[in-house]
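Work through the exercises below with the sequence and the model open. Each task is followed by a solution in steps.

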Number of protein chains: 2
Amino acid sequence: MTSELAFIAALRRMASHPGARGLDDDCAVVEFGGEAVVLTHDVMVAGVHYLPEQDPADVAWKLVASNMSDLAAKGAEPVGVLLGYMLGGDDARFLAGLEEALAHYGAPLLGGDTVSGNGAQALGLTAIGRATHRPVPSRAGAEPGDRLYITGPVGGAMMGLEALQSGLGADGEESLAYRRPQALLAEGQKLAPLVTAMMDVSDGLLLDAARIARASGVTLAIDSAAVPIAAPEARRADALRWGDDYQLLFTAPRDAALSVAAHPVGEVLLLGAAPLLLDGAAIDESAGLGFEHG
Amino acid sequence: MTSELAFIAALRRMASHPGARGLDDDCAVVEFGGEAVVLTHDVMVAGVHYLPEQDPADVAWKLVASNMSDLAAKGAEPVGVLLGYMLGGDDARFLAGLEEALAHYGAPLLGGDTVSGNGAQALGLTAIGRATHRPVPSRAGAEPGDRLYITGPVGGAMMGLEALQSGLGADGEESLAYRRPQALLAEGQKLAPLVTAMMDVSDGLLLDAARIARASGVTLAIDSAAVPIAAPEARRADALRWGDDYQLLFTAPRDAALSVAAHPVGEVLLLGAAPLLLDGAAIDESAGLGFEHG
């Protein structure tokens, strides 16, 4: 989607504020009275980011979780959310899921806007958080010699979506990872003082790893067999490219005493010919590394 | 739109945070490190909040101005914005208008999200501001004996929209008030220490005055002839009910030395049978006071 990328690039050039990291980063960080306020905004569109026939309570959950996951990657604690809600579906079910998710994450609803729809439903959520550690972790900071870690398996959301699409898992465990992803807020706060770079894996491990590599000016060498997956072994390659799992991907010095269970999945190298090596080989990025969000 | 109102009422019940004022208030106010951070989020949908054929640069301007106006009513200075942008129209024109508006208001782009569309374009903007005066003005605070003021005329956006719809004013002065509304940030900051209640007139003078009355637990008595209008005299009644002018409506003690030009348009009375009197008579709210945002 060249036009989208060009648009984002133009927006990024506009974003001259020191806290601004452009629209393809997850969060902005702004200083207020000696505190670092972390801000993120995600939009989900029916038919693009969720199935139009999905339970609106699950959609609300995912909208909250995806924003909370952005806060988690900054080691931030939630302060609240603003909702941009387009009326149109089963609004009561949406509200039930929203209330459940906000209670789960301790993020009160602070305000927002409701509008009449005029087509596919679009939902926006702004999350506001308070950084618990300075400097606030970013994508830029991975140092050659660091290890690359992930907090847990990828591929679970992929399997969940497939269960849902097959009609088996609308309410069941099979689709839970897709329907009700968990944002790792506590883990992010524990990791923030230890990491050199961190982000959440929302668009696929390889794509998001390439983003860390580019932002940090390094090469990341990933050992594919070391990546924990929540999918059959035959689907390993897909699991590395699928999004929506919201694990934390981070780099830390080799001697860091991690306070959170995490899996070493690769090494940080001096920048080579490619930002990303998979099992020692540069991978063809033109084929796509993951889910380029539409 | 009962379902919308019921939905908002349910959201407001959820909003238990002290800074939360529900989704039909304009802003949330959150404390960070001794500073009051003001947050607002507005959504605009093609065909609902703007004409699908409008210049996207004007749409971007209005999206920014309507959020800046919410900050103005809190006496806040802009810190930045997050954009939720649905690709689909003339994205380059949108970008040009966005850049112009953000430069005009000194509000840098901090981040956001871009998504593929799937129907009518929906645009969301979150604005972040810093309160310049404590307590931060709200709708609740008008006291019997205060005067009601407005900073300037209403009805200009109505006339501008009609010019645009008639095909006369796509680029001209005639439609300027509708296409490029001005948020009164400097005025809001000067007024914040003086007012007892304040909001911006986005949905119509009468509707927004009724909101101040209800939030403050008073009756507002408006003298319709005293309201400045930017429309023919024959359209006075319409001008009082039309939105999008973004004037500031506020109450202040009779002896307040206002530092901003403003027109006295009414009085604050003890709560009577109706929250709003127009020329001494209670008005029939069931007929609609203004623009209930869809």
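**Exercise 1.** Which strand of chain A holds A:Arg147, and which residues are in contact with A:Arg147?

*Solution.* Step 1: A:Arg147 belongs to strand 6 (residues 147-150) of chain A, where strands (E, at least two residues) are DSSP runs numbered from the N terminus, as are helices (H or I, at least four). The model is predicted: local features need pLDDT of at least 70, side-chain atom pairs count only at pLDDT 80 or more, and totals for chains, interfaces and linings use all residues. Residues are numbered from 1 along each chain as its sequence is written, chains are lettered from A in the order in which they are written, and side-chain values use heavy atoms, without hydrogens and water.

Step 1: Contact means heavy atoms within 4.5 Å. Neighbours within four places in sequence aside, A:Arg147 is in contact with A:Phe250, A:Thr251, A:Ala252, A:Arg254, A:Pro264, A:Gly266 and A:Glu267.

**Exercise 2.** Find the salt bridge of A:Arg147 and state what it ties together.

*Solution.* Step 1: A salt bridge is a side-chain nitrogen of Lys or Arg within 4 Å of a carboxyl oxygen of Asp or Glu. A:Arg147 forms one with A:Glu267, at 3.8 Å, N to O.

Step 1: A:Glu267 lies in strand 10 (residues 263-270) of chain A and A:Arg147 in strand 6, so the pair ties together parts 120 residues apart in sequence.

Step 2: Relative accessible area is under 20% for buried, over 50% for exposed and in between for partly exposed (1.4 Å probe, protein chains only). A:Arg147 has 26% and is therefore partly exposed; A:Glu267, with 26%, is partly exposed.

**Exercise 3.** Are the partners of the salt bridge between A:Arg211 and A:Asp203 buried or exposed?

*Solution.* Step 1: The side chains of A:Arg211 and A:Asp203 meet at 2.9 Å, N to O.

Step 1: Both A:Arg211 and A:Asp203 are buried.

**Exercise 4.** Locate the two ends of the salt bridge between A:Arg235 and A:Glu162.

*Solution.* Step 1: The N to O distance of this pair, A:Arg235 and A:Glu162, is 2.7 Å.

Step 1: A:Arg235 is in the loop between strand 8 (218-222) and helix 8 (236-239) of chain A, and A:Glu162 is in helix 4 (residues 156-165) of chain A, 73 residues apart.

Step 2: A:Glu162 has 29% relative accessibility and so counts as partly exposed.
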